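Reader: I would like to go through the labels used for this model and see which value stands behind each of them.

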Amino acid sequence: MRIITYFGLVHTITTIQKGFVVSAWVVRSLEHPSRTTTTTTSSTTTTTRLWSSVAVPTTAAATDESVVRGTVKDHSHCNEPGDRDILVRAARGEKVERTPVWMMRQAGRYMAAFRAYSDKIPFRERSETPDYAVELSLQCHRAYGMDGIIMFSDILTPLPVMGIDFDVVKGVGPVITTSIRSEDDVNNLPLYTFDEKVPFISEILQRLRKEAETANTSLIGFVGAPFTLASYTIEGKSSKHCLRTKKLLMADETGDNKCMSVFLDKLAEMIGNYACHQIENGAEVIQVFESWAHQLSPYWFSAYAKPAAKKAIAIIKEKHPNIPVIYFANGGSSYLELQRDMGCDMICLDWAVDMEQARKILGPKVPVSGNLDPSVLFGTKELIEQAVRDCIDKAGGPGSHLLNLGHGVMQGTPEEAVKWLVDEAKRYNGA
């Protein structure tokens, strides 16, 4: 057995007959986090540095070799020459050799290996510490072999660039204390550089790009759309009715308070440049998340959210015309016809619309991704595989769209269900 410690984890590698390898990460409590130690086995002496400043005790999940993933690839995918950029080509709208697949929140708490971190380490520390963020981004790809690695981060991450601070509180979600109620509040916001406020992003992406190339897959970056970030900031947290934001929309419409217009414009510029920053550090695709689209009527979407998102996307495409941009309006399937001209390369569909109907609404010239109901992953293997085939067929057949869920992977999703989905997407050739 060979023992390697890495970022405060202990990785055991046991070689058994015929060269097969069994691998597992075991999370250990770090009594002396800054100490360098030497571990000796019967065949190997390994010098290790314990990097973490957080003590992460061993859990049952962390010691279960059937669920904890290590550096050994557990899937048989991403071996063909075209796999390296199949997701990128599909996102540009090209017909590809098979249907590529990735999942929103594929790096998430449904994985026991992910929970070994998330149960003990606060969100911002995990997402803003390169060692943690890189590892958490890679776990799902090592296990299942999706066609893209997405950076573990959050849509709120760049807000400190505008002097807006936030935290993510367990059991509550994002909490923002900066008050935005007037034009003056927006005009008084400072503007910092990305290197000043989010210097970790460049390192995370640069490292992930190298990992993606080694794994023969693509690297996905992402940003929140202006309306979604504005709403989060104005409400201060997740909101059921988004009333503060809607009151500001109405006040803006009457000319009584132009806070919303000014704020959306400022956010659009920052978000567009933030996406460019990600591209310049290795991202090969950008997805723009309009996570609060369900709060918008078609009118408010057209009048406010859409122009701001289009401005951000235009900034990206002007600087990086060959990088595909995907736009996802969660809850926006009731006004798909308004999304035909977003200026992006692909529209990601939520699960509330039938794929075949969405194709008819958007037209044959608009590339799409999506849109399996995330709850299907709680079904049987046969049900999941049939749902994959149905979605691919309704989208136009294998190689005609980018398969995804219509929202993120849900907590409690069985790990084997994710594997079944990815395996079937890569296997299905229409027969």
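**Labels and their cut-offs**

Author: Thr228 is found in helix H8; helices (H or I, at least four residues) and strands (E, at least two) are DSSP runs, numbered from the N terminus. This is a predicted model, in which local features need pLDDT of at least 70 and side-chain atom pairs count only at pLDDT 80 or more, while totals for chains, interfaces and linings use all residues. Residues are numbered from 1 along each chain as its sequence is written, and side-chain values use heavy atoms, with hydrogens and water left out.

Reader: Why is Thr228 called buried?

Author: Buried means under 20% relative accessible area, exposed over 50%, and partly exposed in between (1.4 Å probe, protein chains only). Thr228 has a relative accessible area of 0%, so it is buried.

Reader: Which residues is Thr228 in contact with, leaving aside its neighbours within four places in sequence?

Author: Contact means heavy atoms within 4.5 Å. On that basis Thr228 touches Ile155, Phe289, Glu290, Ser291 and Trp292. The C-alpha atoms of Thr228 and Leu156 are separated by 9.5 Å, and these two residues are 72 residues apart along the chain.

Reader: What is the phi of Asn216, and why is this residue called buried?

Author: Asn216 is not a glycine, yet its phi is positive, about 60°. It sits in the loop between helix H7 (200-214) and strand S9 (218-224). Its relative accessible area is 18%, and therefore Asn216 is buried.

Reader: What about the phi of Cys242, and why is Cys242 called buried?

Author: Cys242, also not a glycine, has a positive phi of about 60°. Its place is the loop between helix H8 (226-235) and helix H9 (243-254). With a relative accessible area of 1%, Cys242 is buried.

Reader: Which residues does the cis peptide bond join?

Author: It joins Gly370 and Asn371, with omega about -15°. Asn371 lies in strand S13 (residues 368-372).

Reader: What makes S6 and S14 the edge strands of the sheet?

Author: The sheet is open, with seven strands in the order S6-S9-S10-S11-S12-S13-S14 and parallel pairing. Strand S6 (148-150) and strand S14 (402-405) each pair on one side only. Two strands pair if DSSP finds at least two bridges between them.

Reader: How do you know that S11 and S12 pair?

Author: Strand S11 (residues 325-329) and strand S12 (residues 346-348) are joined in the parallel sense over three bridges. Ile326 has Met346 in S12 as its bridge partner.

Reader: Why are H4 and H7 called oblique to each other?

Author: Axes are lines fitted to C-alpha atoms, for helices over the stretch in contact, and angles run from 0 to 180 degrees between N-to-C directions. Angles under 35 degrees count as roughly parallel, over 145 as roughly antiparallel, 65 to 115 as roughly perpendicular and the rest as oblique. The axes of helix H4 (residues 130-144) and H7 cross at roughly 40° and come within 9 Å. H4 and H7 are therefore oblique.

Reader: Which residues of H4 and H7 make the contact?

Author: H4 contributes Pro130, Asp131, Ala133, Val134, Ser137 and Leu138, and H7 contributes Phe200, Glu203, Ile204, Arg207, Leu208 and Glu211.
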